[in-house]
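Open the model in your viewer and show it as a cartoon. The tour below moves from the whole chain to one spot on its surface.

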Amino acid sequence: MGKPLGTTGEFFRRRDEWRKHPMLTNQFRHAFPGLGIAVVAFSIYCVGEFAYNKMSTPSHSTSSAAASHSH
């Protein structure tokens with residue numbers, strides 16, 4: 001049947017070997033290749049757009065807001 005059981009710890013160690021199989025470990029990292037780079041690139045884009053919008057908006061935005069609300 002295989003190796004003798006020996007101590008109880010060895011028995012459970014051999015029963016849990018399947019959990020460390022390469023097909024079962026690190027699958028989330030390989031499930032979506034390029035996701036990490038895409039998240040970083042999108043974050044940089046969002047920060048850049050926010051900074052651009054902050055710098056390009058005029059300081060007197062009340063007149064444009066009032067004009068857009070008139071019917």
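Start by colouring the chain by pLDDT. This is a predicted model, and its average pLDDT is 75, with 59% of the residues scoring at least 70.

Next, select the helices one by one. The chain has four helices and zero strands, so the order from the N terminus reads α-α-α-α. Which element has the lowest mean pLDDT, and which the highest? Helix α4, residues 62-69, has the lowest, at 54, while α3 has the highest, at 95.

Of the 71 residues in the chain, 0% are buried.

Then select Phe32. This residue sits in the loop that links α2 (27-31) to α3 (35-56). Is Phe32 buried or exposed? Phe32 counts as exposed because its relative accessible area is 56%, and the cut-off is over 50%.

Together with Phe32 they make a nonpolar patch on the surface, with about 310 Å² of accessible area between them.

Key
Residues numbered from 1 in each chain as written. Predicted model: local features only at pLDDT ≥ 70, side-chain atom pairs only at ≥ 80, totals over all residues. Heavy atoms only, no water. Patch = residues over 30% accessible without salt bridge, like charges linked within 9 Å, V, L, I, M, F, W, Y side chains within 5 Å. Areas by Shrake-Rupley, 256 points an atom, 1.4 Å probe, with all protein chains shown as cover. Salt bridge = Lys/Arg side-chain N within 4 Å of Asp/Glu carboxyl O. Helix = DSSP H or I, 4+ residues; strand = E, 2+ residues; numbered from the N terminus. Buried < 20%, exposed > 50% of the residue type's maximum accessible area, 1.4 Å probe, protein only. pLDDT = per-residue confidence, 0-100.
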